[in-house]
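Here is a walk through one structure, taken piece by piece. Keep the 3D view open while you read.

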Amino acid sequence: MASTFVNWLRSPKAREYFFSTHFWGPVANWGLPLAALADLKKDEEVISGAMTTALACYSMVFMRFAWRVQPRNYLLFACHFTNATAQTVQGARFVNYWYMGGKDTRVPAAVGAVESAAGEAIEVTQAEAQKLVDAKP
């Protein structure tokens, strides 16, 4: 199988493929899904619902195009499938955060952490003050 692939790589048909838009278009397009995958780690508050929806729809349309064009462009299909999946996950995160109570559960946890840290700081300060009072003759 490897020798068949190597033989194909040396053929004029392979050069024709690698120097065509059938190859370079999808390669250039991979920036979208890679950025979407990187954004999955970002805070939900910065997700744009409108842009996420637009990019998911765009990728679904071009998935169909990549499948229907002859010859089928599997590289373009994979690119848009990855982007549509990542955008759908981002959309679910957006809806969960803004409309399903994700924001409400997150804010009290952050406030609780700040109050806890502030309480510890006050306790330390009171303990130090007591030491100073006890140390005076």
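Predicted model: local features only at pLDDT ≥ 70, side-chain atom pairs only at ≥ 80, totals over all residues.

## The loop with Pro71

Pro71 sits in the loop between helix 5 and helix 6; helices here are DSSP runs of H or I with at least four residues, strands are E runs of at least two, and both are numbered from the N terminus. Gln70 and Pro71 are joined by a cis peptide bond, with omega at about -5°.

Residues are numbered from 1 along each chain as its sequence is written, and side-chain values use heavy atoms, with hydrogens and water left out.

## The overall picture

The protein chain has seven helices and zero strands, so reading from the N terminus the elements go α-α-α-α-α-α-α. Of its 137 residues, 21% count as buried, where buried means under 20% relative accessible area, exposed means over 50%, and partly exposed is in between (1.4 Å probe, protein chains only).

The accessible surface of the chain comes to about 10000 Å², and 67% of that belongs to carbon and sulfur atoms. Areas like this come from the Shrake-Rupley method with a 1.4 Å probe, and for residues only the protein chains shown count as cover. As for contacts (heavy atoms within 4.5 Å), take the ones between residues at least 6 apart in sequence: 72% of them join residues at least 24 apart.

Helix 3 covers residues 21-29, and its buried residues are Phe23, Pro26 and Asn29. Looking down the helix axis, these buried residues fall within an arc of 140°, so they line one face of the helix; the arc is taken from the directions from the helix axis to the C-beta atoms.

What do the buried residues of helix 3 pack against? Their partners are helix 2 (12-18), helix 4 (31-39), helix 5 (49-68) and helix 6 (74-99).

Helix 6 holds Gln87, which counts as buried at 8% relative accessibility. Setting aside neighbours within four places in sequence, Gln87 is in contact with Ala36, Thr52, Leu55 and Ala56.

Gln90 is in helix 6 too, and at 6% relative accessibility Gln90 counts as buried. Not counting residues up to four places away, Gln90 touches Asp39, Leu40, Ile47 and Thr52. Its side chain also makes a polar contact of 2.6 Å with that of Arg93. A polar contact is a pair of N or O atoms within 3.5 Å; within protein, one must be able to donate a hydrogen and the other to accept it, and residues adjacent in sequence count only if both atoms are side-chain atoms.

## Salt bridges

How many salt bridges turn up in a search of the whole structure? There are two, counting a side-chain nitrogen of Lys or Arg within 4 Å of a carboxyl oxygen of Asp or Glu.

Lys42 pairs with Asp39 in a salt bridge, their closest N and O atoms being 3.4 Å apart. Lys42 is partly exposed at 47% relative accessible area, and Asp39 is partly exposed at 28%.

Arg93 forms a salt bridge with Glu44, with the closest N and O atoms 3.6 Å apart. Arg93 lies in helix 6 and Glu44 in the loop between helix 4 and helix 5, so the pair ties together parts that are 49 residues apart in sequence. Arg93 counts as buried at 17% relative accessibility, whereas Glu44 is partly exposed at 21%.

## Further along helix 6

Asn96 is also placed in helix 6 and is partly exposed, with a relative accessible area of 43%. Neighbours within four places aside, Asn96 is in contact with Gly101 and Gly102.

Trp98, another residue of helix 6, is partly exposed at 34% relative accessible area. Together with Val95, Tyr99 and Met100, Trp98 makes a nonpolar surface patch of about 460 Å². Patches are made of residues with over 30% relative accessible area and no salt bridge, joining like charges within 9 Å and nonpolar side chains (Val, Leu, Ile, Met, Phe, Trp, Tyr) within 5 Å.
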